[in-house]
Amino acid sequence: VQLQASGGGLVQPGGSLRLSCAASGRIFSNNVMGWYRQAPGEQRELVATIPFRDYINYADSVKGRFTISRDNVKNTVTLQMNSLKPEDTAVYYCKMPQRGTDYWGQGTLVTVSS
C-alpha cells in the first residue's frame with residue numbers, strides 16, 4: 001500500500017488550499033482515512049479523519065474552516081482548507097490504517113504567510 005499526497009504550497013492568510021491523497025495497492029474500503037500535520041518543533045497532530053461511512057472527526061482548531069472528503073472508488077481523500085491562518089503552517093500527512101498497519105503519505109508542506 002502506498003499513499004501519495006499533493007497540493008501543498010504557499011498561501012496568504014485567509015486563502016485556501018486543497019490537499020489530495022491517493023492510495024494504491026490492495027485497499028480495503030472499510031477503513032478510516034485521515035490527515036495529520038506537524039509544525040516545526042511540534043508533535044504530529046490530527047487534523048481530520050473520515051471513515052468509510054458515519055462520523056467525520058475534526059480537530060477543534062480547524063472546525064468550520066477545513067472539510068475532509070473521500071472517494072471510495074478512486075481511494076482518495078481530500079482536505080479543503082479555507083480561511084487559512086499562519087498557525088496552520090505545517091507538513092501535512094495523509095494516513096490510512098489497514099489490518100493493523102498505519103500507512104502514511106510522504107507529507108506536503110503548507111505555508112501560510114504574507
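Predicted model: local features only at pLDDT ≥ 70, side-chain atom pairs only at ≥ 80, totals over all residues.

User: Is Arg 44 buried, exposed or partly exposed?

Analyst: Use the cut-offs just given. Arg 44 has 35% relative accessibility, so it counts as partly exposed.

User: Where in the chain is Arg 44 placed, and with which residues is it in contact, leaving aside its neighbours within four places in sequence?

Analyst: Arg 44 lies in the loop between strand S4 (33-38) and strand S5 (45-50). Setting those neighbours aside, Arg 44 is in contact with Tyr 36, Arg 37, Gln 38, Tyr 93 and Trp 104.

User: Now the whole chain. How many helices and strands does it have?

Analyst: The chain has 0 helices and 11 strands. Its radius of gyration is 13 Å, close to the 13 Å that the globule rule gives for 114 residues, so the chain is as compact as a globular protein of that length. Along the principal axes, its C-alpha atoms fill a box of roughly 40 × 25 × 25 Å.

User: What can contacts tell me about the chain?

Analyst: Look at how far apart the partners are in sequence. Taking contacts between residues at least 6 apart, 52% join residues at least 24 apart.

User: How many disulfides are there in the whole structure, and which residues form a disulfide?

Analyst: A search of the whole structure finds 1 disulfide. Cys 21 and Cys 94 form it, with their sulfur atoms 2.1 Å apart. This pair links distant parts of the chain: Cys 21 is in strand S3 (residues 17-24) and Cys 94 in strand S9 (residues 90-98), 73 residues apart. Both Cys 21 and Cys 94 are buried. The link is right-handed, with 60° about the S-S bond.

User: And how far apart are the mean positions of the positive and negative charges?

Analyst: For the 12 positive and 8 negative charges of the chain, the mean positions are 8 Å apart.

Definitions and conventions:
Residues numbered from 1 in each chain as written. Heavy atoms only, no water. Helix = DSSP H or I, 4+ residues; strand = E, 2+ residues; numbered from the N terminus. Rg over C-alpha atoms; globule rule 2.2 N^0.38 Å. Contact = heavy atoms within 4.5 Å. Lys, Arg positive; Asp, Glu negative; His and termini not counted. Charge placed at Lys NZ, Arg CZ, Asp CG, Glu CD. Disulfide = S-S within 2.5 Å. Buried < 20%, exposed > 50% of the residue type's maximum accessible area, 1.4 Å probe, protein only.
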